[in-house]
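Please keep the sequence and the model in view while reading.

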Protein chains: 2
Amino acid sequence: MALQDIEDRGRPENAAGNLAGASAAYVRGLIRRGEITGQTGGMALGQMQGNLAILPADLALDFARYCQRNPKPCPLVGVSETGDPMLPTLGEDIDIRSDVSSYNIYRDGELAETVGDITDLWRDDLVTFVLGCSFSFEEALLADGVPLRHLEAGYLVPMYRSNIATTPAGPFSGPIVVSMRPMPMSEAIRAVEVTARFPMMHGTPVHIGDPAGIGIADILQPDWGDVPEIRAGEVPVFWACGVTPQAAVQAAKPPLCITHTPGSMLITDLPSGRPA
Amino acid sequence: MALQDIEDRGRPENAAGNLAGASAAYVRGLIRRGEITGQTGGMALGQMQGNLAILPADLALDFARYCQRNPKPCPLVGVSETGDPMLPTLGEDIDIRSDVSSYNIYRDGELAETVGDITDLWRDDLVTFVLGCSFSFEEALLADGVPLRHLEAGYLVPMYRSNIATTPAGPFSGPIVVSMRPMPMSEAIRAVEVTARFPMMHGTPVHIGDPAGIGIADILQPDWGDVPEIRAGEVPVFWACGVTPQAAVQAAKPPLCITHTPGSMLITDLPSGRPA
């Protein structure tokens with residue numbers, strides 16, 4: 001999987017800073033009109049942003065099962081009606097064909113193209129899934145004073161393929177992909193406490209400490225993202241990551257799957273701070 | 001809906017007392033061999049018990065959506081593969097055709113019969129859904145010292161049709177049915193704190209105080225269950241209830257739906273005290 005395919009943890013850039021206080025609806029309007037084409041990190045702070053997976057209906061029940069069975073990597077926050085591009089449970093007037101700034105189109109598991117609108121690709125048999133993402137829990141950690149190195153130092157959060165298997169469902173299976181944030185153990189304990197309140201945003205860590213304990217041979221060689229800086233007295237803290245379902249879907253090689261382009265999330269009207 | 005159709009909140013009786021410390025697998029074995037045919041309250045304490053709904057596959061995606069959209073009344077803890085009677089994500093060797101002590105068979109939304117085994121009724125297109133139930137959160141409240149009047153006084157928890165609508169999905173819709181437990185406000189606040197940890201068992205209350213606030217005209221006339229005793233200085237505390245999806249499924253009138261008989265729950269191998 002190319003870097004292109006990861007869930008980007010980038011922070012505000014360009015327009016984002018000015019849009020931090022904007023409403024989700026306002027930012028979606030800019031996106032719908034093509035006035036924002038890039039990443040959404042830092043925009044409409046306080047509104048939940050989500051990962052996107054659009055699949056044909058004949059795979060939808062299996063994917064719903066996969067999310068139910070793997071709530072930490074795949075916290076399901078919304079599912080559309082079959083063929084309906086609107087997402088009324090996630091916000092007002094959300095049209096998933098136009099309200100994400102950039103889409104990746106996968107055909108048979110391969111990235112075929114990246115586009116800014118999928119109106120022409122929409123079909124009556126498509127079902128939209130929106131999964132919680134890490135932006136919201138990072139907001140909560142920062143608000144609580146837990147330091148996040150990758151944001152301070154401006155690098156991409158490192159991600160690793162663990163040896164923890166997801167529970168399969170139909171064609172969907174594979175390892176849990178984890179993101180890693182280094183911190184002192186006292187902060188790690190606090191991070192568990194804080195993220196326990198956010199089961200819909202990956203929830204609590206899946207592991208703290210020895211990377212070998214979850215099958216990671218070299219913490220300085222992430223599978224995706226940047227090489228981390230881990231200081232003396234810090235432990236690596238591993239959370240289930242939204243790359244997990246992306247990798248599972250790509251491995252299943254569905255004839256068509258549409259995702260957000262990493263970092264270009266769907267901005268919902270739901271409060272990002274609401275636990276579940 | 002007859003009393004027959006409600007989720008019974010009865011407590012240990014007959015064999016249950018002796019089986020409080022038994023393993024879930026042991027109790028399921030007794031049930032499979034027909035040695036237990038009644039309610040499961042109080043058995044295998046510490047193991048999560050669940051509500052059951054078995055539906056034809058062509059309704060399964062809609063029912064999965066209904067659960068996703070209404071997590072308080074419909075906390076989804078397990079979904080089977082289509083046509084597979086086993087539930088490996090909920091426990092070892094669980095065969096849903098024989099491991100519940102009593103099943104209600106609904107045809108076109110009407111109760112057709114109550115049976116002790118559904119092996120003869122099993123079909124390749126059936127999907128099993130297991131939803132969290134209130135037994136586990138009541139265990140947690142009791143363990144925390146929150147008093148539960150209906151258990152102390154030995155009556156059925158009263159249940160009411162509220163004016164809070166569920167979010168529909170396909171043919172499934174209807175009001176949230178709530179159960180009510182009276183207590184002093186100080187205990188109600190503590191009950192919110194305790195049940196916040198159990199989103200898979202109806203989670204926090206949907207309302208505290210004035211019954212009219214959620215469309216209940218007379219708290220002493222429940223729609224199901226027994227008339228409550230509310231003492232001076234107590235407030236009614238309302239939780240979303242497992243009758244909600246049962247009522248929604250019956251109203252949708254699927255050609256076939258199989259549920260547990262109220263009170264005769266599926267006993268899983270999952271720890272009942274695990275938050276999510």
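Two residues are taken to be in contact if their C-beta atoms, placed from the backbone, lie within 7 Å. The model is a predicted one, in which local features need pLDDT of at least 70 and side-chain atom pairs count only at pLDDT 80 or more, while totals for chains, interfaces and linings use all residues. Residues are numbered from 1 along each chain as its sequence is written, and chains are lettered from A and ligands numbered from 1 in the order in which they are written.

The contact between the chains draws 13 residues from chain B and 13 residues from chain A. Helices (H or I, at least four residues) and strands (E, at least two) are DSSP runs, numbered from the N terminus. On the side of chain B that touches chain A, helix H2 (57–69) and strand E2 (76–79) of chain B each supply at least two residues. H2(B) gives the most to this side, with six residues. By residue type, that side of chain B divides into eight nonpolar, three polar and two charged residues; here Ala, Val, Leu, Ile, Met, Phe, Trp, Tyr, Cys and Pro count as nonpolar, Asp, Glu, Lys and Arg as charged, and the others, Gly among them, as polar.

How can chain B be laid on chain A? A turn of 180° with a shift of 0.0 Å along the axis does so with an RMSD of 0.0 Å, the superposition being by least squares on the C-alpha atoms of residues with pLDDT of at least 70 in both copies. The two copies are therefore related as by a two-fold rotation axis. In chain B, the C-alpha of Leu61(B) is the nearest to this axis, at 2.7 Å. Both copies use the same surface, since 100% of the contact residues of chain B recur in chain A.

The C-alpha trace of chain A spans about 55 × 40 × 30 Å along its principal axes.

One sheet of chain A is open and has four strands in the order E6-E7-E9-E8, with antiparallel pairing; two strands pair if DSSP finds at least two bridges between them. Strand E6 (159–165) and strand E8 (207–208) of chain A stand at the edges with a single partner strand each, so one side of each lacks a neighbour in the sheet. E8(A) is joined by two bridges to the antiparallel strand E9 (residues 234–240) of chain A, and Ile208(A) stands opposite Val237(A) in E9(A).

Turning to chain B, which residues are buried in helix H3 (residues 134–143) of chain B? They are Ser134(B), Phe135(B), Ser136(B), Phe137(B), Glu138(B) and Leu141(B), where buried denotes 20 or more other C-beta atoms within 10 Å of the residue's own, exposed 12 or fewer, and partly exposed in between, with C-beta atoms placed from the backbone. The buried residues of H3(B) pack against strands E1 (47–56), E5 (126–132) and E7 (175–184) and helix H5 (185–195) of chain B. After H3(B) comes Gly145(B), with a positive phi near 90°.
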